[in-house]
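Hi,

Here is the structure I promised to pass on. Have a look at it first, and then read on for what turned up.

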Amino acid sequence: MLRLKLQQSSLISRDLLVPIVSVLLALLVGAIFILIVGENPLHAYKVLFLESFGSIRSIATTLQRATPLIFTGLAVAFAFRCGLFNIGAEGQLYVGAMAAAIVGITFTGLPKIIHLPMAIIAGMVAGGLWAAVPGLLKAKLGVHEVINTIMMNFIAFYLTDFLVTGPFHGGRWAPETDRIMPTAVLERLFVPTRLNTGIILAVVAIILVYIILWKTRTGYEIRAVGFNPTAAEYGGISVSKNIVLAMVLSGALASLAGVEQILGVHGRFIQRFSPDLGFMGIAVALLGKNHPVGVFFAAVLFGALRTGAAAMDRLTDVPRELVVIIQALIIMFVAADELTRRLIARRRKA
Amino acid sequence: MWEYITFFFNATILAAALRMATPLIFTSMGGIFSERSGVINIGLEGMMLTGAFMGMMVSHYTGSPWVGLLGALVSGAIMGLIHAVASIQYKANQVVSGTAINIFAVGFTVFMLRTIFNVAGTSPPVPSIGNVSIPIIVDIPVIGQIIGRQNPMVYMALILVVVVHIFLFRTDWGLRLRSVGEHPKAADTVGINVFLTRYMAVIMSGALAGLGGAYLSIAHLSRFGDGMTAGRGFIALAAMIFGKWTPFGALGASLLFGFADAVQMSMQELGIPRHFVQMTPYILTMVALAGFIGRATPPKAIGKPYEKE
């Protein structure tokens, strides 16, 4: 028992090594870009760090930026655990956001205790159904989910483009809906930052995902399918049922990112509001090793990068897009972990 | 009825469809190279965007859009090389590596645009490739209006399709490339270098996507704009799938999707929201994949890193 535990802990530290080294490598390559601009990388990174963690207010902003990434990260990680690659989080969060906005706008006179959950659930249902399509196509016809989720992203973009410029176009000229009712708002927690009760939902989601995956029969089945579908089927687990279920839950999680952005941050649906939150979810899941706790820390890191980027842009000559480059590099280094491991091994030998 | 037909199928719209199809043709040919060799390439979008940017840059500094085209080709090839190193050498998940390339390209192009030109959004105008007329053909009624006077890159794209077709299905190299994508082990046994073949294919893929991007910045327009590829890399991917991973199939799909792009404004005039027209390429691709219009089956070894025994 003790030996097992020890093995586990050394496994965890080895698991942590690749993500940490990947982040450091990405920052190192990012430093080259800072040098191109003619700035001191240490200075730029200092500004970045101070602005994202330096005060209570900046920490709140970092958490606010991390909130949607926790949802999309969980979404991608959840699907991964079933052996599915959900690149459709972006589309799922758009339809979820739109559904939440529509409920938030159209129902009036409801008490908050009914209206807010209604809007959230509407978003989750929309996102879940959206993800069910590639899930069903995979389960019933064996079509790989990657292409279908990509295709459905674009269908979601154009569908919400249509809704926000057509039937649900608000009173103002801009491509956005009217404001949602106050009864559907996720309350602000730390004014003047836009941190809202969505972060509480995110933490609850982390715990629930952990419980579902590791403490329930359903989660066991989902992981079994992800581990080895043939063996799972042989053991009496329905692969197709679990594929659809995992996609639906993944889509519902992704949609919460959109729901939080609409009900907690923007207060209305804005055309193409998402700064690639869904795609960043892939990075967050990967960096967090597809574990809910890992997803949390990865999302906070990415939230911090986004928060610090604005200040770095303002206070130095380094454009904020540096952090987009860094995020891409992190994904690359984590994905090519054989490279990262080799670099670590070489370091150890030296 | 006739009115409706001429409303959509007139020389102006068909010529526009051909123009819209051109970047898709280049990029989908690139996609065919990569995927036929067994490497998924969803990084086409990012490779295109990089090509669009570098094409603009090189054209700006050399004053020659043709040299710009070369710059786009090389920069796309470098992006392809990165994808190859990550996914072939270090066996990174090919979808993740492609996603990283897409995100990198967005960050890189905006970062460089702001650093070099100190502008956000759009680059200054740069020299671009102008249209040419083909003698005789340009004088033929209707056909002349459609293909008689176009950008040289439009003709290059059409020729490319034939070249890729011959390469893939009529040469030993093409046979090797396809065998690596279908049965890498068997290919290895008969002495084909699986790694080298895949490397070449993915680099080629990036180079062609780079040209597709450059068409937007230094042929169709004469400037670079943030995110100017606007998902065309993914439409090209869809065209490749819809065309069942064959050059002529992808050409047909590109023309169809280009046509959808060209008619969306006219559709709007008829009261059909253009957003629904814009959706059609993606819906058609899903339908094709599901097997409702002749099943689209990907190469067998796609997505699997090759492990030499």
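Let's begin where the two chains meet. The contact draws 44 residues from chain A and 41 residues from chain B. Keep in mind that this is a predicted model. Between them, chain A and chain B bury about 3,800 Å², and 83% of that is on carbon and sulfur atoms. On the chain A side, the residues that lose the most area to chain B are M151(A), Y158(A) and M332(A), which together make up 17% of what that side buries.

Polar links across the contact can be counted too. There are two salt bridges between chain A and chain B, and two residue pairs in polar contact, both at pLDDT 80 or more. If you want to find the side of chain A that touches chain B, look for α1 (2-37), α5 (112-141), α6 (145-165), α11 (277-287), α13 (322-335) and α14 (337-349) of chain A, each of which supplies at least two residues. The largest share comes from α6(A), with 13 residues. By residue type, that side of chain A divides into 35 nonpolar, three polar and six charged.

One salt bridge to pick out is the one between the side chains of R114(B) and D313(A), at 2.8 Å, N to O. R114(B) and D313(A) also belong to a network of salt bridges that takes in R320(A) and E321(A).

Now for the salt bridges elsewhere.

- K138(A) and E145(A): their side chains meet at 3.0 Å, N to O. K138(A) is partly exposed, with a relative accessible area of 21%, while E145(A) is buried because its value of 1% is under the 20% cut-off.
- D161(A) and R272(A): here the side chains meet at 2.7 Å, N to O. This pair links distant parts of the chain, 111 residues apart, with D161(A) in helix α6 of chain A and R272(A) in the loop between α10 (239-266) and α11 of chain A. D161(A) counts as buried at 5% relative accessibility, whereas R272(A) is partly exposed at 39%.
- E221(A) and R217(A): these side chains meet at 3.3 Å, N to O. Both residues lie in helix α8 (residues 217-227) of chain A, four residues apart, or about one turn of the helix. E221(A) is buried, with a relative accessible area of 11%, but R217(A) counts as exposed at 55%.

T160(A) sits in helix α6 of chain A. Is T160(A) buried or exposed? With a relative accessible area of 3%, T160(A) is buried. Setting aside neighbours within four places in sequence, T160(A) is in contact with Y94(A), V95(A), M98(A) and F269(A).

L343(A) is partly exposed, at 32% relative accessible area. Although L343(A) and V21(A) are 322 residues apart in sequence, their C-alpha atoms are 9.1 Å apart in space.

On to chain B, which has 13 helices and two strands. Its C-alpha trace spans about 65 × 50 × 40 Å along the principal axes. A compact globule of 309 residues would have a radius of gyration near 19 Å, and chain B agrees with that, at 19 Å. Of the 309 residues of chain B, 57% count as buried. Taking contacts in chain B with a separation of 6 or more, 76% are between residues 24 or more positions apart.

Within chain B, have a look at helix α11 (residues 232-242). Why is this helix described as largely enclosed by the rest of the structure? Because ten of its eleven residues are buried. Among the buried ones are R232(B), G233(B), F234(B) and M240(B). K244(B) follows α11(B) and has a positive phi, near 55°.

Happy browsing!

Conventions: Residues numbered from 1 in each chain as written. Chains lettered and ligands numbered in written order. Predicted model: local features only at pLDDT ≥ 70, side-chain atom pairs only at ≥ 80, totals over all residues. Heavy atoms only, no water. Contact = heavy atoms within 4.5 Å. Buried area = accessible area lost by both parts, 1.4 Å probe. Salt bridge = Lys/Arg side-chain N within 4 Å of Asp/Glu carboxyl O. Polar contact = N/O pair within 3.5 Å; in protein donor to acceptor, adjacent residues only side chain to side chain. Nonpolar A, V, L, I, M, F, W, Y, C, P; charged D, E, K, R; others polar. Buried < 20%, exposed > 50% of the residue type's maximum accessible area, 1.4 Å probe, protein only. Rg over C-alpha atoms; globule rule 2.2 N^0.38 Å.
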